[in-house]
Amino acid sequence: MTQPPDAIMLFAAGFGTRMGALTKDRPKPLIEVAGRPLIDHALDLARSVEPSRIVANLHYLPDQLAAHLEPQGVALSREEPEILETGGGLRAALPLLGPGPVFTLNTDAIWAGPNPLHLLRQAWDSERMDALLMCIPVAQAVGHTGQGDFTADADGRIQRGPGLIYGGAQILRTGELLDFPKKAFSLNLLWDRMQARNRLFALRYPSRWCDVGHPGGIRLAEDLLADV
């Protein structure tokens, strides 16, 4: 166990194209699930670990998100003129996040069990890990198709393959983000580097999780929360 991260990045810049007409006039993080915007469910998880800083990146309809987040004390990283993807977006937010490992959290999922950020913090070991990803066994994923993103060995080291779905929460070292020449790039490129060094790890989530990236996921997530 080592010093846990003290800052959280919320990914909120995407176009939400899979949501169809629902994101025509509002960003996906403001779509409501169980009477609350998706991003407020994510903020509950973030605040529970008492970080010193919470940062969100913005691109699509940013003024709506800014009006919602600034009164809540969330620092904003605006991606202009182009969207920067996960890797470029996180790199652009580093001046707000500060040095050292950070939590990152997607804002389009509902977790129906323990706070994944608490579990990640408890399991983080910087002596062995460059990243620790919260992953969902396929059988516990609601509203998600496909066979998963990763496989894990007995120690939690992961490789690409079926079985575990990346749930959108992680602890990640950020120093190597500065090495990538393109302005916009995916965090998958950084994960691949870490996996080659055997320092990319997964933690299995012990409960159910719902992907709210498409319209049908809203009802599924609400049903999931009703069962908690």
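Colleague: In the salt bridge where the side chains of R208 and D227 meet, what is the N to O distance?

Modeller: Keep in mind that this is a predicted model: local features need pLDDT of at least 70, side-chain atom pairs count only at pLDDT 80 or more, and totals for chains, interfaces and linings use all residues. Residues are numbered from 1 along each chain as its sequence is written, and side-chain values use heavy atoms, with hydrogens and water left out. A salt bridge here is a side-chain nitrogen of Lys or Arg within 4 Å of a carboxyl oxygen of Asp or Glu. For R208 and D227, the N to O distance is 3.9 Å.

Colleague: And how many residues apart in sequence are the parts that R208 and D227 tie together?

Modeller: Helices (H or I, at least four residues) and strands (E, at least two) are DSSP runs, numbered from the N terminus. R208 sits in the loop between β13 (200-204) and β14 (209-211), while D227 belongs to helix α6 (residues 216-227), so the parts they tie together are apart by 19 residues.

Colleague: Which helix holds D192, the partner of R160?

Modeller: Their side chains meet in a salt bridge at 2.9 Å, N to O. That links distant parts of the chain, 32 residues apart: R160 is in strand β11 (residues 158-160), and D192 is in helix α5.

Colleague: What about R219, is it buried or exposed?

Modeller: R219 forms a salt bridge with D223, with 3.2 Å between the closest N and O atoms. The two are four residues apart in helix α6, so about one helical turn separates them. On the accessibility scale (buried under 20% relative accessible area, exposed over 50%, partly exposed in between; 1.4 Å probe, protein chains only), D223 comes out partly exposed at 36%. R219, with a relative accessible area of 57%, is exposed.

Colleague: How many salt bridges does the count come to?

Modeller: Some of the charged residues form a linked network: D130, R173, E176, D179, R193, R197 and R199. By the rule given above, the count of salt bridges is 16.

Colleague: Why is helix α1 largely enclosed by the rest of the structure, and how many of its residues are buried?

Modeller: Among the buried residues of α1 are L38, I39, L43 and L45. The helix covers residues 38-48, and it counts as largely enclosed because, of its 11 residues, the number buried is eight.

Colleague: Which residue's backbone oxygen lies 2.9 Å from a polar atom of the H41 side chain?

Modeller: H41 lies in helix α1 and is buried, with a relative accessible area of 14%. Leaving aside neighbours within four places in sequence, its contacts (heavy atoms within 4.5 Å) are V33, R36, I110 and L225. The backbone oxygen at 2.9 Å belongs to V33.

Colleague: Just after α1, which residue takes a positive phi?

Modeller: The helix itself runs over residues 38-48. Just after it, at a phi of about 55°, comes E50.

Notes
Polar contact = N/O pair within 3.5 Å; in protein donor to acceptor, adjacent residues only side chain to side chain.
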